Amino acid sequence: MQMLILLKIIIMKAKNLFFPTLREDPSEAEVISHKLMIKSGLIRKVASGVYNWLPLGVKILRKVENIVREEMNSFGGQEVLMPMVQPGELWKETERWQKYGKELLVFQDRHEREFCLGPTHEEVITDLLRREVKSHKQLPVTLYQIQTKFRDEIRPRFGVMRSREFLMKDAYSFDLTKENLDLSYKNMKEAYVKIFDRLGLDYRVVKADTGEIGGSDSEEIHVLADTGEDLLVFSNESDFASNVELMLEEGQDPQSLKGKPSPDGKGTLELKKGIEVGHIFKLGTKYSESMNFKIQVENENKFLEMGCYGIGISRIVAAAIEQNNDEKGIIWPEALAPFNVCIIEVNPKNDQKVSNQCEELYKELSNQGFDVLWDNRDQGPGVKFSDMELIGIPNIVTISKKTIENNHFEFRTREEEQGVHLSLNELLTKIKG
Ligand code: ATP
Ligand code: MG
């Protein structure tokens with residue numbers, strides 16, 4: 001007996017997709033990623049540092065999230081969801097209510113109780129686990145979430161790159177000993193390398209300052225881009241890489257490091273700019289001590305060893321664009337592209353055969369696992385090409401009366417100027433890369 005599995009394909013037609021593209025450069029944007037995110041209809045500003053994400057933008061965010069989620073789950077991280085609204089008492093326990101500064105947006109509820117919008121979740125997670133973890137048998141535990149953060153940045157800028165409200169993946173590990181924390185940290189770092197490899201970005205892991213949050217070891221992940229706000233210093237021969245902040249004496253000019261011997265004795269130093277997209281910390285017992293989270297092991301009370309690990313989900317979208325663009329628009333790495341392929345229908349309405357072939361190809365590509373957009377808008381081909389190049393779809397197939405007559409498809413990648421003529425099989429092979 002034959003089993004028929006019918007998969008319902010939802011056909012995404014450009015006519016029905018809400019993606020308001022612009023031809024002019026928006027005046028409010030200083031950097032290329034911000035300009036292109038507005039022009040390609042990914043985001044719209046609501047207030048300073050606060051944005052709407054439109055359908056195409058959300059599609060890209062979800063692609064980033066999925067990769068992050070898969071890699072977090074695959075090494076044993078468990079997903080939770082903590083609230084954005086956090087009680088002031090918890091922040092007073094760690095004294096960050098005062099120390100965190102004005103980036104912490106605080107407010108009172110109707111009973112005049114104090115709250116803040118969470119810029120990070122060390123307090124909430126430590127409070128959760130100190131109530132639940134009573135035995136070392138419950139350890140180690142690593143929990144993560146993908147959630148909205150709020151930081152009242154003094155100068156929100158560059159669109160979602162430095163916004164006030166943004167999406168972050170934040171993870172927290174709890175261990176009994178320093179050696180075990182080292183292991184949790186190492187596992188997390190490996191997961192980060194897998195994530196940024198899969199995202200297809202040119203990045204570096206660099207030594208970092210432990211800053212506000214406090215603790216011992218810390219490294220940052222930076223996407224390399226000339227517009228980055230951080231200066232990174234590397235050895236030209238070894239793995240040595242550091243945020244320049246860590247290497248400077250007071251008043252020293254960063255450029256003076258160029259060409260100096262690398263601290264690990266291998267090679268000389270070079271400078272590059274980067275955008276911080278991830279940060280991993282060993283916090284040690286800083287929060288477990290201030291919030292009194294300890295468990296008894298062999299007559300001894302031990303404070304938990306904690307690590308925390310962030311990824312700027314929304315900043316990654318901007319950083320990817322900052323690194324991958326040309327005068328026509330965005331050039332998405334395949335893993336982040338909102339659609340892998342777009343089918344441009346030349347002169348829709350004119351010819352039923354053209355529409356039929358667009359639909360057939362759409363289904364074929366969808367069945368093979370590609371995300372496809374069918375541009376069936378009543379626009380000239382020029383407008384369609386410009387829009388698809390602006391939003392950065394990596395593969396462009398054109399179907400017209402002529403291509404049908406000649407029994408081929410016209411194909412080109414986002415970066416190629418000239419199309420080639422391909423049979424269906426050749427086309428599928430090309431797109432599979
Ligand atoms: P920065 O130095 O850029 O202000 P941070 O060190 O304060 O960032 P973390 O506390 O390490 O940030 O937060 C984890 C990640 O969240 C960062 O690596 C970054 O990718 C992202 N992030 C932080 N602040 C913002 C922001 N204002 N807008 C967008 N993403 C942000
Ligand atoms: Mg940081």
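Domain bounds come from an automatic or database domain assignment. The model is predicted, so local features need pLDDT of at least 70 and side-chain atom pairs count only at pLDDT 80 or more, while totals for chains, interfaces and linings use all residues. Residues are numbered from 1 along each chain as its sequence is written, chains are lettered from A and ligands numbered from 1 in the order in which they are written, and side-chain values use heavy atoms, with hydrogens and water left out.

**Exercise 1. The two domains**

Task: Find the bounds of domain 1 and domain 2, and describe the contact between them.

Solution: 
- Step 1. The assignment places domain 1 at 31-326 and domain 2 at 339-432. Their C-alpha centres are 40 Å apart.
- Step 2. Contact means heavy atoms within 4.5 Å. Domain 1 gives 7 residues to the contact and domain 2 gives 5 residues.
- Step 3. Buried area is the accessible area (1.4 Å probe) that two parts lose on being put together, summed over both. For domain 1 and domain 2 this is about 580 Å², with 57% of it on carbon and sulfur atoms.
- Step 4. On the side of domain 1, Leu 56, Lys 59 and Asp 326 lose the most area to domain 2, together 54% of what that side buries.

**Exercise 2. Charges between the domains**

Task: How many salt bridges are there between domain 1 and domain 2?

Solution: 
- Step 1. A salt bridge is a side-chain nitrogen of Lys or Arg within 4 Å of a carboxyl oxygen of Asp or Glu.
- Step 2. Between domain 1 and domain 2 the count is 3 salt bridges. Asp 326 forms a salt bridge with Arg 414, with the closest N and O atoms 2.7 Å apart.
- Step 3. Helices (H or I, at least four residues) and strands (E, at least two) are DSSP runs, numbered from the N terminus. Helix 1 (32-39) and helix 2 (55-74) are the elements that give two or more residues to the side of domain 1 that touches domain 2. The largest share, 3 residues, comes from helix 2.

**Exercise 3. A link across the sequence**

Solution: 
- Step 1. The structure holds 36 salt bridges. In the pair Lys 15 and Asp 378, the closest N and O atoms are 3.5 Å apart.
- Step 2. Lys 15 is in the segment before helix 1, and Asp 378 is in the loop between strand 20 (372-375) and helix 10 (381-391), so the pair ties together parts that are 363 residues apart in sequence.

**Exercise 4. Around ligand 1**

Task: How many residues surround ligand 1?

Solution: 
- Step 1. A residue counts as near a molecule if one of its heavy atoms lies within 4 Å of it. Ligand 1 is surrounded by 14 residues, and the closest are Arg 151, Glu 153, Arg 162, Ser 163 and Glu 276.
- Step 2. A nitrogen atom of ligand 1 is 2.8 Å from a polar backbone atom of Ser 163.
- Step 3. An oxygen atom of ligand 1 is 2.7 Å from an N or O atom in the side chain of Glu 276.

Terms used: A polar contact is a pair of N or O atoms within 3.5 Å; within protein, one must be able to donate a hydrogen and the other to accept it, and residues adjacent in sequence count only if both atoms are side-chain atoms.
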